[in-house]
Amino acid sequence: MSDDRTDRLYPARPLVGVGVVIWDGTRVLLERRGRPPAQGAWALPGGLIEVGETAEDAVRREVREECGIEVTVGPLLGLFEPIHRDPDGRVRYHFVVIDFLAHYHDGQCRAGDDAADLRWVAPEDLDLFALMPATRAMIDRALTLLAADDWEPRRECVPKAPV
């Protein structure tokens with residue numbers, strides 16, 4: 001993907017992206033954002049969908065680029081629609097983010113691309129991170145789904161233990 005981010009600032013239309021709650025069997029992967037608009041904030045991995053790319057393919061690519069791992073993409077969790085306005089009320093950023101649940105499959109976590117840091121976090125430790133309410137809501141949806149045991153990976157893989 002191009003490093004040119006000028007189309008993100010004061011966009012002509014909303015930009016569509018993906019986010020992902022990655023579950024390793026006991027923990028969720030959080031990412032400290034390395035670039036605006038949420039630079040420095042703990043969030044879910046994700047990014048913009050590229051032209052010609054499906055949402056699920058974007059999840060896999062973004063996780064690979066930002067986290068260095070492979071995931072099995074699961075169900076849709078919901079939409080997150082951040083809109084940031086400048087002091088004059090003009091739309092500075094506008095995203096429509098499609099959030100998914102995914103299972104860790106393989107690889108060594110390493111912060112790359114847009115990520116400044118990565119952390120595997122147990123559900124009981126999530127309150128130690130200053131998460132946006134919408135981020136926490138998506139994680140809670142994923143944990144509820146996982147607790148109900150309603151989701152099985154769609155592919156013929158069994159997640160390996162993260163390193």
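Which residue forms a salt bridge with E70, and how far apart are the closest N and O atoms? In this predicted model, the partner of E70 is R64, and the closest N and O atoms of the pair are 2.9 Å apart. E70 is partly exposed, at 30% relative accessibility, and R64 is likewise classed as partly exposed, with a relative accessible area of 36%.

**Salt bridges**

The structure contains 14 salt bridges. Side chains of opposite charge can pair when their charged atoms come close. Three of these contacts are set out below.

| Salt bridge | N to O distance |
|---|---|
| R60 and D57 | 2.6 Å |
| E70 and R64 | 2.9 Å |
| R136 and D140 | 3.0 Å |

The pair R60 and D57 belongs to helix α1, which spans residues 55-67. Within α1 the two residues are three positions apart, about one turn of the helix. Their surroundings can be described by accessibility. R60 has a relative accessible area of 18% and is therefore buried, since the cut-off for that class is under 20%. D57, with a relative accessible area of 35%, is partly exposed.

R136 and D140 are found in helix α2, made up of residues 133-147. Because they are four residues apart in α2, about one helical turn separates them. R136 is partly exposed, with a relative accessible area of 24%, and D140 is also partly exposed, at 31% relative accessibility.

Strand β1 comprises residues 15-23, and eight of its nine residues are buried. The strand is therefore mostly covered, given that burial requires a relative accessible area under 20%.

β1 pairs with strand β7, which covers residues 91-107. The two strands run parallel and are joined by nine bridges. In this pairing V21 stands opposite L101 of β7.

A second pairing connects β1 to strand β4, residues 46-48. Here the sense is antiparallel, and three bridges are present. G17 is the residue that stands opposite L48 of β4.

Taken together, β1 is a mostly covered strand that pairs in parallel with β7 and in the antiparallel sense with β4.

Methods
Residues are numbered from 1 along each chain as its sequence is written. This is a predicted model: local features need pLDDT of at least 70, side-chain atom pairs count only at pLDDT 80 or more; totals for chains, interfaces and linings use all residues. Side-chain values use heavy atoms; hydrogens and water are left out. Buried means under 20% relative accessible area, exposed over 50%, partly exposed in between (1.4 Å probe, protein chains only). Two strands pair if DSSP finds at least two bridges between them. A salt bridge is a side-chain nitrogen of Lys or Arg within 4 Å of a carboxyl oxygen of Asp or Glu.
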